[in-house]
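Please read them with the structure open alongside.

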Amino acid sequence: MTRYILTRLSSLLISLVIASIVIFGLIEIIPGDPAAFMLGINAQEDTIDALRAELGLDASPIARYFAWVSGMVTGDFGTSYTYRTPVTEMIAERLWISLPLALIALALSTLIAFPVGILAASKRGSITDTVIMGFTQLGVAIPNFWFAMLMVLVFAINLRWFSAGGFPGWDDGLFAGLKALTLPAISLALPQASILARVMRSALIDTLDEDFMRTARAKGLTQRQAIRRHALRNAMIPVLTIIGLQFSFLLAGAIIIENVFFLPGLGRLIFQAISQRDLIVVESVVMLLVFAVIVVNFAVDIAYALVDPRLRRKA
Amino acid sequence: MTLLRIENLSLKIRGIPILNDISMSLDEGRVLGVIGESGSGKSMTAFSILQLLPKGSTTTGRLCVDGLDTLEASEEDLCKMRGNDVSIVFQEPMTALNPLKNIGQQVAESILIHEPNTKRSDALERAQEALQRCELPASRFPTTLYPHELSGGQRQRVVIALAIALRPKLLIADEPTTALDVTTQAEILGLLKRLVEEDGMGLLLISHDLAVVADMADDIVIMKDGQIVESGAAASIFQELKHPYTRALYEASSHVPERTQQSARRPLLTVRDVVRDYQLPRRSLFSAPEHFRAVDHVSFEVFKGESVGLVGESGCGKSTLTRAILGLEQIQEGEVFLNGTVIQHGKQMKHSLRRQMQAVFQDPYGSFNPRHHVGRLISEPLHLLGEAMTTIDKQETIAAALRAVGLTSDDQYKYIHEFSGGQRQRIAIARALIVEPELILLDEATSALDVSIRAQILDLLADLATTRGLTYLFISHDLSVVRSITDRVLVMSAGKIVEEGATNDVFERPRHAYTKELIAASPTLP
Amino acid sequence: MKTYQNIVLGALLSGIFMVAAIVSFVWIPYDIESLNIAERMRPPTMVHPLGTDHFGRDILSMVMVGARTSIAVALVAVGIGMGLGVPLGLAAAAQKGSLLDEIIGRGNDLVFAFPSLLIAILITATFGPSALNAIIAIGIFNVPVFARLTRGSALSLWKREFIMAAQVSGKNTVRISVEHILPNLSNLLIVQGTIQFSLAILAEAALSYVGLGAQPPTPSWGRMLADSQTMISLAPHLALAPGLAIVFTVLGLNLLGDGLRDVFDPRLRRERT
């Protein structure tokens, strides 16, 4: 087990290093002179020089890369050019919206998908199965931001149960914050839940056809007992893969959904930064998101080993 | 007392008749052998007893297990019966156990289901005893082991342990040793025999292998196409061979094709000191990778016109050696010569050399690209001849190859799924023949076939060898096949050739301990 | 039976929009380049079956031209994914365990860490937003999908005896990959291609919704939804047409993909007979 974790950990580190090189290269090397890029076409030569000095762009790319990375490791993401505030602070503030949103959506999606997928699989071919599969087919096809718009139309504009957007801040109490995140989380979760339910169903059906299920039935277990004791854990292996992938989709989705609901999260931050050409913010937020995705995939790998003894063999 | 009584059982699955008017009975402490080729319905008979049939099955007749008519019984009663009064051991031990639960949990589960008041620790203790009875001593096989840490034979012992944990009255064994090596098979059969004697169980032993059943059974039922062809006491069935199908089966099982091969003293294939090492994954980042030696300094020769057998159990290195001879595998030491020319491993072989050696593989279903028609499949090696052929010449060559293996020239326009297993193996032989090679490697070429088909293919091979002066290297785990068709035999174990000699000498007077064990373990027909 | 229903329904649903996209090159009901403020935000009528937008443009015409953008971007992106991913996967499988295999595997893992949205953000930050940007972002993300699928399935094919038979027939690795491996993967690739196509339509819509895809005045479904958002309480029909266009196209492609998989998958076929 320790060896397994160590190999996964080393591959996590390698992925992080390569990702940081790619991001740094795309943002700071390929455009040529970031200072000129950030200031736009009409900038004066001396303003550009001043910014270049301020950002330390006179140093060699390699030195700048290491400065950037070592800054991030110590929690210093640099200073935003447009806002003149430390990027770390800006990110920390907005992370408190984006992260809860993604996590609530992930929890919702899993809580919906598991029972629905299991029900459909154990009643394979029945009316229940057909209806569930029809709904998930539709759920997979609906773009989450459009679904969000429809929810705003119905629940905020017509029924007035929720506000159409904005975020009161966590200082107004947990309930107010959660209420503001409810519609965004549901619109993020439902399409993902549809995908996950379909995966759960097909993974479970595959497992039901395995030889060991026949052994379980031959021991005297009822079909229901056999599914609960033997099939579910085996079906979890492909499901875990999808949950891992979904986290990165949810993060990306959260960025878009924040736009629908005017939530001041990382998504709004990054689009503002793009339109203001604030490269330092863009590169930090992207790196942070990639970091999150890689860490989640590492967690999924560990979860595999917890489920599957074949991965944690000592030899 | 009668334990199992089946009367006029018929089974249809989605309207297709599978079993037709089956009757048999089994008493406590007796062994009933059910013999049949694939598709005879023997496994479905077993699933009918437990009522674990596929969806859409309809059964008629009577099926009584210890007084309970399982065709009429409620699902609740059936669950009480399964694993408690009647247990089953399946063919495929590699997949019959849940990979995510340890063996103790899986055996203990059998006990806990039927005796829910048992304490978990007591159940585990009894599981340990059951494993012990199946010759998995606690010292070497703690209950915390997972299935992937055990070999096929050991897993089959676990499956048997969970079947007999509650000392059922009836044990069904559905091809319990078909997936296992012959020495392991002998051990498992011995184990089953002992358990039957100790517990006074009835055993329903299902197998395609006459010899396996003949060794074990008191009574025998022979099935074909969902019907019972013949039944009776084991001794009389084999002595009298009344029914023509029984006789055909018996003869096919011990079939020796007629051969008049002329062997010259000219070595065609020379394997000299070949070593194949596999690198194992590193144990830690810093330790040097370890090696597994699959083939360990193997040397032998095959002479022109000879038929040589290479026998060994799974994992002995014979498949690796086969691939190495075919030039498909890197080797670390040694050389392989074909007709005096060295084979360069890991490189594309010269066409003129490649055409002298062809191969026929085991799986009649997996060895053809399903998307090509037969003509294209068997003409695949033709480009080795190096000369451009006209379409007409090519068709004529293909037709000739098909006729040589007993098929018609029109078969070249069909697709492979239109052929049966035996026909496919004929097509595989046609593909090997088409470039008129001198040497053909037969890698378990008859192992996947039913005995009657196998006898026909062996006859075909013997015939081709006589008419075309072919040389064969027969790679197989099946001693009876090797014995029937080879002049000389090589016995391989743990990467080494441990014994070599004329086939009859080796089988009559084995010298090496491993060969002796192998021959003693092979079941024989009375 | 149900399978063929799926295929027919799926092909019809997605086909309508493909046809609409092609027709839009030669004919659309109204010109969409000129604005007609007098006719703005009209609900659906006989004259404008789907109504008009905030500039008075005919929404049916916009949806038709938008189909062109969405489908073209998605098609080219999946083409890039397949064109690069499949050969990479074949090469990795043919040389399993080699350095090449290792590099391709690592590259795949890395790209999976960048959802297509993040790739689009990075490219936009560097080169500015455009439809090409969306194509590259979605295309890059599709490469590892096809590379992984191809490698995995090709590896199991390499273990099959018919490949060994081809090797004994003297075929080299490249010829075996092209003649034996690829044709046996084609069903799988068609199915996955259909599904990736539908995912790419969704991704394109999301990117143009946040302004990282096709730029105005080129209409695209995602862009139309973004424009309609501020007016959703006044004119909900603006959001309905492009949204339903996306849903129907994606739904159609998914039904088609599932139906094809059921037809191609020999395991399911065996169950039916």
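1. A residue is called buried when its relative accessible area is under 20%, and exposed when that value is over 50%. The model is a predicted one, and the points that follow should be read with that in mind.

2. On the cysteines, Cys64(B) is buried, with a relative accessible area of 14%, and Cys79(B) is likewise buried, at 6%. The cysteine sulfur closest to that of Cys64(B) belongs to Cys79(B), but it lies 19 Å away, which is too far for a bond.

3. In chain A, helix α4 covers residues 61–73, and its 13 residues reach 18 Å from the first C-alpha to the last, close to the 18 Å expected at 1.5 Å a residue. Its buried residues are Arg64(A), Tyr65(A), Trp68(A), Gly71(A) and Met72(A). Seen down the axis of α4(A), these buried residues fall within an arc of 130°, so they line one face of the helix. An α-helix has 3.6 residues a turn, so residues three or four places apart point the same way.

4. The face of α4(A) that is turned away from the buried side carries Ile62(A), Phe66(A) and Val73(A), which are exposed. After the helix comes Gly75(A), whose phi is positive, near 85°.

5. Turning to the interface of chain A with chain C, the contact draws on 47 residues from chain A and 40 residues from chain C. The two chains bury about 3700 Å² between them, with 81% of it on carbon and sulfur atoms. On the chain A side, Phe145(A), Trp146(A) and Met149(A) lose the most area to chain C, and together they make up 16% of what that side buries. The count between these chains is one salt bridge, and Asp258(C) forms a salt bridge with Arg198(A), with the closest N and O atoms 2.8 Å apart.

6. In the interface of chain B with chain A, 29 residues from chain B meet 24 residues from chain A. The buried area is about 2500 Å², of which carbon and sulfur atoms give 57%. Leu100(B), Glu109(B) and His148(B) supply 24% of the area that chain B buries against chain A, more than any other three residues. Three salt bridges are found across this interface; among them, Glu109(B) pairs with Lys219(A) at 2.7 Å, N to O.

How values were computed. Residues numbered from 1 in each chain as written. Chains lettered and ligands numbered in written order. Predicted model: local features only at pLDDT ≥ 70, side-chain atom pairs only at ≥ 80, totals over all residues. Heavy atoms only, no water. Disulfide = S-S within 2.5 Å. Buried < 20%, exposed > 50% of the residue type's maximum accessible area, 1.4 Å probe, protein only. Helix = DSSP H or I, 4+ residues; strand = E, 2+ residues; numbered from the N terminus. Expected span 1.5 Å × (residues − 1). Arc of directions from axis to C-beta. Contact = heavy atoms within 4.5 Å. Buried area = accessible area lost by both parts, 1.4 Å probe. Salt bridge = Lys/Arg side-chain N within 4 Å of Asp/Glu carboxyl O.
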